[in-house]
Amino acid sequence: MKVQCAALWLLAAALILSSVHTRGLRKCLISMDTHHLEESFQEIKRAIQAKDTFQNVTILSASETLQSIKPSDVCCVTKNLLAFYVDRVFKDHRELNPHILRKISSIANSFLYMQKTLQRCQEQRRCHCRQEATNATRSVHENYDQLEVHSAAVKSLGELNVFLAWIAKNHQEISAA
Amino acid sequence: MWFFYALIPCLLRAHLSACLSALIPDGVAILPAPQNLSVHSTNMKHFLMWSPVIVPGETVYYSVEYQGEYERLYLSDVWIPSSWCSLTEKTECDLTEDITATVPYSLHVRATLGSQTSAWSTLTHPFNRNSTILTPPWMDVTKDGFHLVIELEDLGPQFEFLVAYWRRESATKEHIKMVRSGGIPVHLVTMEPGAAYCVKAQAVVKAIGRHSAFSQAECIEVQEALPLALALFAFVGFMLNLVAVPISIWKMGQLLRYSCCPVVVLPNTLKITSSPQKLISCRKEEVDACAMTTVLSSEELFRTWI
């Protein structure tokens, strides 16, 4: 009898844990085609990257930071990096060329729209930030602060393709969440 | 008050317009700003329109600038010149390539005439592209043999289409197919003979999370397979061909043989039997004379001739 009770308790605990785990894994997806953003950036990439004078430094650290992000941290990191670009990078970069200005405006306003989409996830408590995710985005800010602000903004703009590719990869609608 | 006092000498000298110009700094507008701004947006194509500024005998030019929500919140002094409408004569502006995010955009336009420019006239309510009117898509439904094929209008890369099709007699069993782009024929289904199929479609724009109404359903029928009488006729014709063709080939062969290598056949009057015979029957008195005469066979004749 005791063995049977213990087995039932174990089963119940396993069920509860798996449902919590599943909820955590349920992705908060930006159901948006980033293809046109990548196209917009491609048009100005050469001009932006040509202004980057610190070739040996990277701010997003693609190979280390972004690629190691776990699926459960994708929402948090996306939200934080969108805020990084919207609150710091686009503001710190003042563009005079009208063509480049239009493309940056298109990307910036699209990022604003993505933030609003993720805001809904946050209100549903589906965008929890664990320590690892917070550490990853903190290192991005630290890298940015080490450079002079205009140079840092140009470098971050030049690394937009890395961020956009990461969003496209991690926010695919693979299955109904 | 001071304005009025400054104006008195001018009024006395009756040069009011000159005085007004003197009081207003150079280059600032007396050109009126465009009025009645409105945005017309259909199927993700956005046009800003306004009433013309009329100056008799002169051509007035217009310039349009926009400001996305990002610029409005973070860079409030930044307005971006539109791609196609800097110093345009038209009183409308295609902003499709400028309004590229699903956020509210502020728009303003001003008039220019020579060195004069008007004040900026701003659209009352910012425009968000998710308010675009989506119309049911035009579609061309055809059959290619037994294949049901649909071609939808090309509305650009932001559009996908949801196509529903069903057999007319079972309207509740709808099949759905997503068509990624218009302007290309797409195969829907291979139809069963004698059945009628109906199709309808709606446009879907993921970027704004909206879709159009469905188009009117179009139905198309597939003919039965060949009727029985026609099939029977075809069968008989086929069988006749089966017989006629070998006979024709044989006859052709004979014709060829006779043309190329004819067999020499002697007429019956020249034919001789194997033993020489008296052919001429003689009366009695002529028997001897006749007896002297023998007829040779054709081979003997030939030999003597050689």
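**Close-up 1. Helix α2(A) packs against helix α6 (residues 149–158) of chain A in this predicted model.** Their axes sit 9 Å apart at an angle of about 145° (axes are lines fitted to C-alpha atoms over the stretch in contact, and angles run from 0 to 180 degrees between N-to-C directions). On the α2(A) side, A:F41, A:I48 and A:Q49 meet A:V154, A:L157 and A:G158 of α6(A), with contact meaning heavy atoms within 4.5 Å. Sorted by type, that's 4 nonpolar, 2 polar and no charged residues (Gly counts as polar here).

**Close-up 2. A:F84 and A:Y144 form an aromatic pair.** Over all chains, the structure holds 12 such pairs (ring centres within 6.5 Å; planes under 30 degrees apart are stacked, over 60 edge-to-face, the rest tilted). Here the ring centres are 5.2 Å apart and the planes stand at 85°, so this one is edge-to-face. The partners are 60 residues apart, A:F84 in helix α3 (residues 74–92) and A:Y144 in helix α5 (residues 131–145), both of chain A.

**Close-up 3. The largest pocket has a volume of about 1400 Å³.** Closest to its centre, of the 47 lining residues, are A:D33, A:H35, A:H36, B:P157 and B:Q158. α4(A) gives the most to the lining, with 6 residues. By type, the lining holds 15 nonpolar, 18 polar and 14 charged residues. (On a 1 Å grid over the protein atoms alone, a pocket is an open set of points for a 1.4 Å probe with protein on both sides within 12 Å along at least five of seven lines; lining residues have an atom within 4 Å of a point. The volume is the space filled by probe spheres set on the points, joined across faces, edges and corners.)

**Notes.** Residues are numbered from 1 along each chain as written, and chains are lettered from A and ligands numbered from 1 in written order. Local features need pLDDT of at least 70 and side-chain atom pairs 80 or more, while totals for chains, interfaces and linings use all residues, and side-chain values use heavy atoms, leaving out hydrogens and water. Helices are DSSP runs (H or I, at least four residues), numbered from the N terminus.

Definitions and conventions:
Helix = DSSP H or I, 4+ residues; strand = E, 2+ residues; numbered from the N terminus. Phe/Tyr/Trp six-rings, centres within 6.5 Å; stacked < 30°, edge-to-face > 60°.
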